[in-house]
Amino acid sequence: MPLELADAITLPEGPEREYLWTLNFGPQHPATHTTLRLVLTLDGETIVKAVPDIGYLHSGFEKLGEHLDYNQYVTIVDRKNYISPVANEIAWFAAVEKLMGIELTPRCKYLRVIFNELMRIHDHLLACGAAALDLGGFTAFLYAFNQKEKIYDICERASGQRFHPSYLRVGGLLADVDETWIEMVRAFVRDFPPAWNDIVRLLNRNRIFIERTKDIGVLSKEDAINMSCTGPVARASGVVRDLRKDEPYLAYRDFDYKVICAQEGDCYARYLVRMEEMLESCKIIYQAIENLPPGPINVDADSKVTMPNQLSVYRSIEGLIHHFELIMSNRQWQTPVDEVYAAIESPNGELGYYVIADGSGVAYRTRTRPPSFIHFAIFPYLIVGHQVSDVVAVLGSLNIIAAELDR
Amino acid sequence: MTHEEIITKLRDKFGAAFTTSEFRDNRRIIAPAERVYAVLAFLKQQCGFDLLAELGGADYLQYPDAKDRYGVWYVLVNTTTGVRLIVKTFANDPEPTLPSVFALWKGADWMEREVYDMYGVIFDGHPDLRRILMPDEFTAFPLRKDYPMRGRGERHNFPVITRPES
Amino acid sequence: MAVEGLSESVMVTQLDKLANWVRKNSLWPMPFATACCGIELMATGASRHDIARFGAEAMRFSPRQCDLMIVAGRVAMKMLPVLQRIWLQMPEPKWCISMGACASSGGVFDTYAVVQGIDRFIPVDVYVPGCPPRPEQLLQSVIDLQAKIQRTGTINGKEFQEQRQWPHPPRPLAVELPPAEKMVAPGNFASATRLQPDVRS
């Protein structure tokens, strides 16, 4: 059934209007995933109209992008989709490295792929755990957080911080990983499927969960494409599109994995797509960690885009000069004066950056293509006709991250 | 359809009304504000670009060799063939106005509201053009280049609550 | 110490100390989680770093039922009136923990839309630095707050009232700016621009 604007925005006229009352699903509410606000017009318990009000976390990210240079901005970019932090960095550097025409080393590409997939598992764990929590199932949430703690440990071993590591740099990474880290990732890959199975046994055939999520918030395939949905939200409606396969970036051509799609487009389908995608990510991490190529992680310092290692800075004149050129704020990178758009498959959908460069080390304009922003726009269409308690089910299935929504 | 075929079809229909450019793997079509709706409608209906991936704006006030002030770009994707195309258009002060593409892609709804909120570009034909990220009482357009990053003091204009009062 | 003639189940203490002990061990937090620190707050409530050990796992989202507001995450300009309203709705005794760099001082976001520290507008008891702070840091801040309650609490909440004598009565809360100055009044952004001149000097 095609979605009509009239369904979502106009109210019935006449004496029926008096039955309708307004409920403010305010910005401070446990189930609104931090700061979202909905003004619901209700007929009893049925929702007639829902108007989202956003902007309660708008922090001026894009304005900051015009004042920080390409390596400093990674700290800010991390804080957008805070549930999959390193994925934002990968997207940002996909755009910046495309702009500067940098080709990464194989080891760096494999490590970035491993982090992308770890963050995908991280995001989907929180999305499914929070979906269960909002519907009342606290245990699944705790199981999910247990596994997230293991991913935090892996991230901390590589970069020193649990999340928001600012691990990527132009042309490479902050630091290389060691044997202990590789063993931690192997242990995670080994222990994750049984824990995943625990959550599946709790929720997949749970009568209550199915009744609360099946046929709720149905999104058809044409509407998903027309409303610019991407990622698990679109794939659960039958749109077979995954940037890892359609426009492969980093080292995704080397791996064997499936793209998970569903057809119904309801909350249950989105939940199932996310759960299965976690197992596929586990497969990719296994393949990547077993075939991790040796070698340097940063591109050659002679290309003047990455910082040379400390030993060469202190012991050779070239290293010193390269370091100087990158640090002094009136020199830095010499970028082409042009614009570029690059996107990756982040756990939430297509996360892209449109970067306009003016030749200096600071971007002229950085625009994020935020998947959560676009997915929240379809919410009023999905919720019309459902009950108030379905609001949390649909919100949880769309996985709206407020910081990416508001930037 | 590859990019070359699309551009040939566009040239047949629109002649010299647009220019093209490319950088890395982005192919761009630059159309003036009067023709951009027709170009986008043609791309959607005849060339199969059914997904509007992104709609964003920029202020070219301090950009080297810029001729117009506000630029708006549309990133289009063909979901069957996977081809990506970027359409760019420009608007100028005073009263920067562009046609709204809400009738073509419903996903443009909030993205156009955000360009309006941040830059002040008005989209003709948008059903509900009001501020989306800033509070409704906000009067400036924050992402313009003449608006300072730290704001003009709006973030301090709130009442202070002390212990004995609360 | 046992008084002669009474059994060992009687303890003599001060009413204030007893009230402090009870209040500090059952702090029910009101999680005002806006951004990334909210995830660390959730992780503190999860099983590895368990905030339930401190009696604080009852995260009731209704301000009327809580006594500790944990502001986790950056507070945008649009969200601050909401924060103030929630703070006013909480009944006394109440305390506030400002978690993270963004809530304490604006953090990395020195921009037009982020409040540079909620303590400009809300009374804060404990600050937790970090971006985001580790759950252990948040637990340490809860322990510090418990120590503060034990040290300075009273049973009837006298520590929340102004102690010194004022020449002026407290300012009214609802302050109306003239319409021409709402939201656009260019303040001196290097200092906190208050709506009324500070009468307490």
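A: Happy to. Buried area here is the accessible area, taken with a 1.4 Å probe, that two parts lose on being put together, summed over both. By that definition, chain C and chain A of this predicted model bury about 2900 Å² between them. Carbon and sulfur atoms account for 64% of that area.

Let us look at who takes part. Chain C brings 32 residues to the contact, and chain A brings 36 residues. On the chain C side, three residues stand out: C:Ile39, C:Arg48 and C:Lys78 supply 19% of the area that chain C buries against chain A, more than any other three residues.

Now for the polar side of the interface. Five salt bridges are counted between chain C and chain A. A salt bridge joins A:Arg162 to C:Glu40, and the closest N and O atoms of this pair are 3.0 Å apart. Between chain C and chain A there are also eleven residue pairs in polar contact, where both residues have pLDDT 80 or more.

Which elements of chain C give two or more residues to the side that touches chain A? They are strand E1 (29-33), helix H2 (36-45) and helix H3 (80-89) of chain C. H2(C) gives the most to this side, with five residues. Sorted by class, the side of chain C that touches chain A holds 23 nonpolar, four polar and five charged residues.

The largest nonpolar core has 139 residues, and A:Phe376, B:Leu43, B:Tyr74 and C:Met69 touch the most other members. Strand E4 (residues 70-77) of chain B gives the most to this core, with seven residues. Leaving aside residues up to four places away in sequence, B:Leu43 has contacts that include B:Ile6, B:Leu10, B:Phe49 and B:Val87. There is also a second, separate core of 88 residues, and among its members are A:Met119, A:Ala288, A:Ile297 and A:Trp333.

A:Ser237 sits in the loop between helix H10 (232-235) and helix H11 (243-246) of chain A. Is A:Ser237 buried or exposed? A:Ser237 counts as buried because its relative accessibility is 4%, and buried means under 20%. Apart from residues up to four places away in sequence, A:Ser237 touches A:Leu219, A:Ser220, A:Lys221, A:Ala224, A:Ala262, A:Gln263 and A:Gly265.

How values were computed: Residues numbered from 1 in each chain as written. Chains lettered and ligands numbered in written order. Predicted model: local features only at pLDDT ≥ 70, side-chain atom pairs only at ≥ 80, totals over all residues. Heavy atoms only, no water. Core = buried A, V, L, I, M, F, W, Y, C linked by side-chain atoms within 4.5 Å. Buried < 20%, exposed > 50% of the residue type's maximum accessible area, 1.4 Å probe, protein only. Helix = DSSP H or I, 4+ residues; strand = E, 2+ residues; numbered from the N terminus. Contact = heavy atoms within 4.5 Å. Salt bridge = Lys/Arg side-chain N within 4 Å of Asp/Glu carboxyl O. Polar contact = N/O pair within 3.5 Å; in protein donor to acceptor, adjacent residues only side chain to side chain. Nonpolar A, V, L, I, M, F, W, Y, C, P; charged D, E, K, R; others polar.
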